[in-house]
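Please look through the model below before reading on.

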Amino acid sequence: MPTNRRNLLIYLGGATTAVGGVFGSGAFGTVEAERTVSVGTAGDASSLLQFSGNDPEIVTTESVGANSNDVVKLEQTALNEKTVAIYNDVLTVTNTGNKQVGLSVDSSKGTDPNGLVGTALDIRDSDDNSIVDDNGSAAVTLAASGGSETLSVIVNLRNYPTADMSSIESIVFAARVKDPLIGVIENAQTINAVRKVRADSGNSKLLTVTNEFDEDADITASITGFKNDGTAFDLITSVDPSASAPATVSAGSSIDVFGDVNTEASLGDAETVQLEISAQSVNQSATVSEEIEFLVDLQSSYWNFDSISGSTGTTVTDKTVADDGIIANNATFSGRVNDSGDRNTNGRIDEQSHVLEVPDDAAYDFINNSAFTLSIYGFSFGGNISNAANNDQMLFDKTGTGTDGLQMFIREKNDGSGRGYLFISVDGQEQEITQWNPNGSAWHHVVWAHNENGTPKNRVYMTIDDTAFNGSNAVSPAGEVKEVYTGSTLGLPAANSAPFRVGNAVDGSGNLAFRWTNAIDEPKVYGRALSKTEVQKLFDTSKSAAGGDGGNIFE
């Protein structure tokens, strides 16, 4: 077979573009505009890309045409059909622009009638990866203001022996600005890839949007459709920020997107809302679509003890307990796991240090909505209810080492005449409520509802569980919600930065010292005051006989 000798003379020109769009792959965007590149016009002294040859015997720079444009020239001779010629680190490309770009060889451009660029002729980066493509997916990143990459040229006539290399007259390098992005953060839990938001009325947070551009951008939201509408009206009537009132967000900063809940909405109404989020800056734009499954509920936090695994008597330390509510503020539990089968999995507080600890969140200060509800199941054997004054057994605590905040606990009656009395406390001011089950051992569902603008401000409900576990200790009628306290003495608690704790509290020295003696389950926080009817529904749907999965207030 005769030797196939060819002269390889290829001019490598530069073409640049800035693009807009959203590409979930993270690749560089498709070329929007391209300058024609040929032997006589390829170079451009003002181009974002500057080329320099590192081996004068292989790559040189020469001036071509009337405007003396610089063109990179690759020349090699005596290449036969068995050759795989590798020219390592022969070309350096530098980004002289002020934006990060993706550098690739655009195989859809240039003069290559036989499609040999990327096959018989390949351009590779310093990691030996080909940068030949037609859409920027193989691009190598060049940092702004001087970022560079050293490239190698591969001529492969072994695998492509019939390739007519002389047919390649030019190839085009493309510099693409990386896809602009806006980040969307879910507001609540993700269920089947749909963002699920619980809310009640008024302006409700739907999601958080982050400007991931490198410059300020105007962010807007709009409703593009409603699906699975189970009501005769739309649950969300408008969104903020809107097209008529965009929010200017600095690079890297975030804003919340809110939706106005229709005043006709009722508890349990649900709807899937299609949102479009857009960001527009001077040089970039991006748009994303999000589905929001909207449920009228306003369950702020629910720490689901069913996620704590272990057999009876097992002690766990700093075990994550998911928050299935709006805030999604996961807690940690240190304590004994009790798989008794009655209330599904529940935490049993056995040692002084055992506690469910929730990171501080401003939502637990209840300042914005001026109302709250605390709901929990507690179990205590009659003999374990303390009869020592000031030996508090804590259900809820948001005070830390100070007194500002709220608490719910049991202790001896203030006048010393009885043990096991339930108390609520705001900013150190205590209110005695009622005696814990006087019949002894039983599960209690205890709910404290506070409405700063209501009359009265505070209501406390107690329900004795009617499951078989309570046996003869259940009271009659079991399972009936009883309003055991009403009053307005205690107001809204002062804001503080203490963790929200369940089943224990710290003393003035920061030591856990007020453990709940026995078991706790289903701790929940709501951002409004539940009614007696809602408390009854919550109890009826959260008994172990109903699955022990938390229940709700609208069924």
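**A walk through the predicted model**

Phe409 has a relative accessibility of 0% and therefore counts as buried, a word used for residues under 20% relative accessible area, with exposed meaning over 50% and partly exposed in between (1.4 Å probe, protein chains only). The residue lies in strand β29 (residues 406–411); helices (H or I, at least four residues) and strands (E, at least two) are DSSP runs, numbered from the N terminus. The model is a predicted one, in which local features need pLDDT of at least 70 and side-chain atom pairs count only at pLDDT 80 or more, while totals for chains, interfaces and linings use all residues. Residues are numbered from 1 along each chain as its sequence is written, and side-chain values use heavy atoms, with hydrogens and water left out.

Not counting residues up to four places away in sequence, Phe409 touches Asp392, Gln393, Met394, Leu395, Tyr421, Leu422, Phe423, Ser425 and Glu430, where contact means heavy atoms within 4.5 Å. Phe409 and Arg515 are 106 residues apart in sequence, yet their C-alpha atoms are 9.8 Å apart in space.

For the protein as a whole, there are one helix and 36 strands. Of its 555 residues, 52% count as buried. Among contacts with a separation of 6 or more, 70% are between residues 24 or more positions apart.

In soluble globular proteins, nonpolar side chains tend to be buried together. A nonpolar core is here a set of buried Ala, Val, Leu, Ile, Met, Phe, Trp, Tyr and Cys residues joined through side-chain atoms within 4.5 Å. The largest such core has 38 residues, and those with the most contacts inside it are Trp303, Leu395, Leu422, Trp448 and Phe500. Beyond four places in sequence, the contacts of Trp303 include Val321, Leu356, Val358, Tyr364, Phe500, Pro523 and Val525. A second, separate core of 29 residues includes Leu103, Ala120, Ile131 and Leu151.

A pair of aromatic rings is described by the distance of the centres and the angle of the planes. Rings of Phe, Tyr and Trp (its six-membered ring) pair if their centres lie within 6.5 Å; planes under 30 degrees apart count as stacked, over 60 as edge-to-face and the rest as tilted. The structure holds eleven aromatic pairs. One of them joins Tyr377 and Trp443 edge-to-face, at 6.5 Å centre to centre and 70° between the planes. This pair links distant parts of the chain, with Tyr377 in strand β27 (residues 371–380) and Trp443 in strand β32 (residues 442–451), 66 residues apart. Both Tyr377 and Trp443 are buried. The rings of Phe396 and Phe500 have centres 5.8 Å apart and planes at 55°, so this pair is tilted. Phe396 in strand β28 (residues 393–397) and Phe500 in strand β35 (residues 500–502) are 104 residues apart, and their pair also links distant parts of the chain. Phe396 and Phe500 are both buried, and together with Trp303 and Tyr364 they form one aromatic cluster.

Charged groups also meet rings. A charge sits over a ring if NZ of Lys or CZ of Arg is within 6 Å of the ring centre and within 35 degrees of the ring normal. Arg411 lies over the face of Phe423, at 5.1 Å from the ring centre. The charged end of Lys524 sits over the ring of Tyr302, 4.8 Å from its centre.

The buried residues of helix α1 (residues 532–542) are Glu534, Val535, Leu538, Phe539, Thr541 and Ser542. They pack against β27, β32, β33 (458–464) and β36 (519–526).

Asn262, in the loop between β19 (254–261) and β20 (270–280), counts as buried at 12% relative accessibility. A polar atom of the Asn262 side chain lies 3.0 Å from the backbone oxygen of Asp234.

Confidence comes last. The protein averages a pLDDT of 75, and 70% of the residues score at least 70; pLDDT is the predictor's confidence in each residue, from 0 to 100. Confidence is highest in β35, at a mean of 96, and lowest in strand β13 (residues 190–191), at 32. Over residues 187–196 pLDDT stays under 50, as it does over residues 468–474. Where pLDDT is low, the predicted coordinates should not be read in detail.

Terms used
Polar contact = N/O pair within 3.5 Å; in protein donor to acceptor, adjacent residues only side chain to side chain.
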